[in-house]
Amino acid sequence: MVPLSYYLALGGILFACGVTGFLIKRNIITIFMSIELMLNGVNLSFVAFAAQWHALSGQVFVFFVMVVAAAEAAVGLAIIIAVYRTRETLNVDRVNLLKL
Amino acid sequence: MTPNLHLWLIPLLPLVGAAINGLLGKRFSRQTVSAVALAFCGAAFVMALWIAAQFSALNVPHLETLATWIRAGAFQADFAFYLDQLSLVMLLVVTGVGFLIHIYAVGYMWEEGGFYRFFSYLNLFMFFMLTLVLASNYLLMFIGWEGVGLASYLLIGFWFTKDSAAAAGKKAFIVNRIGDFGFLIALFLMIQHFGSLNFAQVFSSVSNFGVESGTGLLTSIGLLLMVGAAGKSAQLPLYVWLPDAMEGPTPVSALIHAATMVTAGVYMVARSHTIFERAPVALMVVAIVGTLTALFAATIGVCQTDIKKVLAYSTISQLGYMFMACGVGAFSMGIFHLMTHAFFKGLLFLAAGSVIHAVGGEQDMRRMGGLRTKIPWTFWTMTAATFAIAGFPPFAGFFSKDAILFQAFTSPYGSWVYWAIGVFTAFLTSFYMFRLWFLTFFGEYRGEESAGHDEHSRAGAPALHGHGGIHESPKVMLIPLVILAVLSVCGGWIGSERFDKFLAPALHSDSATVETATPTHTEERASETLLTGVSIMAAFGGLGLAWLLYHRRPQLPQEIAQALGGFYQAVLQKYYVDELYAVLFVKPLVDGSTKLLWHGIDRDVIDATLDNSADGARTVSDAARHMQSGNIRSYAGWVAAGAAAVVAYMVWMGTR
């Protein structure tokens, strides 16, 4: 059996990748994908703990996260399309209308 | 069942007059304004006469409560009026002399701007003065006390475009505040120890006290009351405002700064006689202050050349006599002199106003002279007043002044020192008054011939010119002069003993410790005759010296002045008291306020605290602002860093 720490390390690496991508990338879709990556890193640690402790709540939590992520993807992509239509760019640094 | 006299109407009538003239007077003609002012003031006088007529049938003291004013715990102060012999005398003097001066003012102020304003203030003054006189408790009295101060301020500064008048008004107000401070503290002490400010309750509480041998509560209250009286009645060391108050129109000087308001202090001390009689130290201070003021002001009066300034110092000096009388326990004599003084000093001021009017606004006696034949009515009425104040029998001033000097000598609180200074002051009084009389009415006219041109009349002086030459005043001014002249002659004939007996119920509490010396024994009769003889001699001495110096040999005063040198200069400059106060009090206060309070505290501490904290907040915010760049990724970075910090903390906590 694969020890728990492996799953946690993989989840941590996935999350760190997501954070790094979120911070580094300028393309709004890439940033969006980085967020999904972070969510999945977290999901992985949830299910790992659920399997380890034979507790169902971790798996239930994962479903919740997936539902929220799906809803977020729908809304987020819609926003991205709306932004692209008005700003004609996907670069987040240029979506700065509220900046001083 | 005591009849309801509606005492509240007396003060209220002039207030209504003041309100009508003050609010609507701008649109009224001069005739309407004067009619309103005279009607309401005259109505108050008629009511006072009506009350006086009923007085003998009255249950004295007569108290009328109108409404509750303040009720806090056990303490209560009402709008209540109090009538006894003392307030009746004051009431008649204030309304009577006040009404005459109102009449006179119609003529005097006729050509002036702000006619309605003047009469509104004048009526307002009457309201406050009558409140002061009729109040049944110290608090209501204090309202009147402050109110007359306000009216005095407004009227001194009546020609407010003139800097000196505005400054004089402020000076009077500020100096009076110092006195009022003492008065207030005295009131606080009374509330604390007697739980009331009503005359009846305070005095009955005080009656339980014995005579204080040293100093104690009653002495402190008495001294503080005296501080208040010294401010209002221009006694040492707070007299400095009164000479400057002569910047006001002459009727104001007559009404407020001679006949009525300045005597409020004497009235207050006489009203509080129950307290003073049990505090010999306070009584002695009153006597000493009065005596010194009488002498001090009289010496200054000798050298003044402005006709109104002479009268101002004379007023201070005469007020000193009144306090001397109160200080030796002869309160009724103080009030007697107050009454006769109201007659002759009111008249002196009005006559002086008439003289000033005649010569077109000139107030310097050195530029008058020989007016005897040109303004005979003014001359004769002023002569009556001059003889009255100098103390010639049978004029009014003789009786009251002689009674005071007699009491000063024989009263258990008296001393020959008071008497000697008093007699010397009487001599000086006679001298400076006849100096004024000779300089103004005798000799050659020393002004320029066509008196009455614009360059003569000062900005503030009555602007009655244009008809050139020296001329007698109109009838409306002369009639009050004549009435007051009659009173100045006859006002003293009532006699000090009868006056004392009349006031006795109000001024001699049953447990009074002071036995006013009544000349019953033949021995005392003899001494009284002797004392009277001396004071008459003083009056004649003053007349003789003035005649010698200012009529017979007019060059002599200059030689004497030169011989005296520095002393003469000191007297001429009023002993440099104003300068001394400026150095001792005004300058340190102004400097302290400017350098310490304004620059030091207000600007460098309070403002600086505020400015610096605002500056600091801005500097910190400027730095912190860079955190919120508006860049999404920098926000995300902060979130990530924060999350990392939390995680690190938790890990660290877990591994510990």
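Predicted model: local features only at pLDDT ≥ 70, side-chain atom pairs only at ≥ 80, totals over all residues.
Figure 1. B:Lys574 sits in the loop between helix H23 (566–572) and helix H24 (577–625) of chain B. Its phi is near 55°, a positive value in a residue other than glycine. Most residues other than glycine have a negative phi. B:Lys574 counts as buried because 21 C-beta neighbours lie inside 10 Å, and the cut-off for a buried residue is 20 or more.

**Figure 2. The loop between H8 and H9 of chain B, with B:Ala234 and B:Pro237.** B:Ala234 is found in this loop. Phi of B:Ala234 is positive, about 55°, although the residue is not a glycine. B:Ala234 has 31 C-beta neighbours inside 10 Å, so this residue counts as buried. The loop between helix H8 (217–232) and helix H9 (241–244) also contains B:Pro237. The peptide bond that runs from B:Leu236 to B:Pro237 is cis. Its omega is near -5°. Most peptide bonds are trans.

**Figure 3. The cis peptide bond between B:Pro393 and B:Pro394.** Omega of this bond is about 0°. B:Pro394 belongs to the loop between helix H16 (376–390) and helix H17 (396–410) of chain B.

**Figure 4. Packing of helices H2 and H3 of chain B.** Two packed helices are described by the angle between their axes and the distance between the axes. Helix H2 (residues 30–54) and helix H3 (residues 85–108) of chain B pack at an angle of about 155°. Their axes are 9 Å apart. H2(B) and H3(B) are therefore roughly antiparallel to each other, as angles over 145 degrees count as such. The crossing of H2(B) past H3(B) is left-handed. On H2(B), the contact is made by B:Ser34, B:Ala37, B:Leu38, B:Cys41, B:Gly42, B:Ala44, B:Phe45, B:Ala48 and B:Ala52. On H3(B), the contact residues include B:Leu88, B:Leu91, B:Leu92, B:Thr95, B:Gly96 and B:Gly98. B:Phe99, B:His102, B:Ile103 and B:Val106 of H3(B) also take part. The residues of this contact divide into 13 nonpolar, six polar and no charged.

**Figure 5. The largest nonpolar core, with B:Phe125 and B:Val286.** This core has 213 residues. Which residues touch the most other members? They are B:Phe125 and B:Val286. Helix H15 (residues 331–358) of chain B gives the largest share of the core, 18 residues. Leaving aside residues up to four places away in sequence, B:Val286 touches B:Met226, B:Val269, B:Phe276, B:Phe323, B:Cys326 and B:Gly327. In soluble globular proteins, nonpolar side chains tend to be buried together.

**Figure 6. The contact between chain A and chain B.** Chain B contributes seven residues to the contact. Chain A contributes nine residues. On the side of chain B that touches chain A, three residues are nonpolar, three are polar and one is charged.

Figure 7. The C-alpha atoms of chain B fill a box of roughly 120 × 65 × 55 Å, taken along the principal axes. Of the 656 residues in chain B, 51% are buried. Among contacts in chain B with a separation of 6 or more, 81% are between residues 24 or more positions apart.

Notes:
Residues numbered from 1 in each chain as written. Chains lettered and ligands numbered in written order. Core = buried A, V, L, I, M, F, W, Y, C linked by C-beta atoms within 7 Å. Buried ≥ 20, exposed ≤ 12 C-beta atoms within 10 Å, placed from the backbone. Helix = DSSP H or I, 4+ residues; strand = E, 2+ residues; numbered from the N terminus. Contact = placed C-beta atoms within 7 Å. Nonpolar A, V, L, I, M, F, W, Y, C, P; charged D, E, K, R; others polar. Axes fitted to C-alpha atoms, helices over the stretch in contact; angles between N-to-C directions. Parallel < 35°, antiparallel > 145°, perpendicular 65-115°, else oblique. Left-handed = near helix turned anticlockwise from the far one by under 90°.
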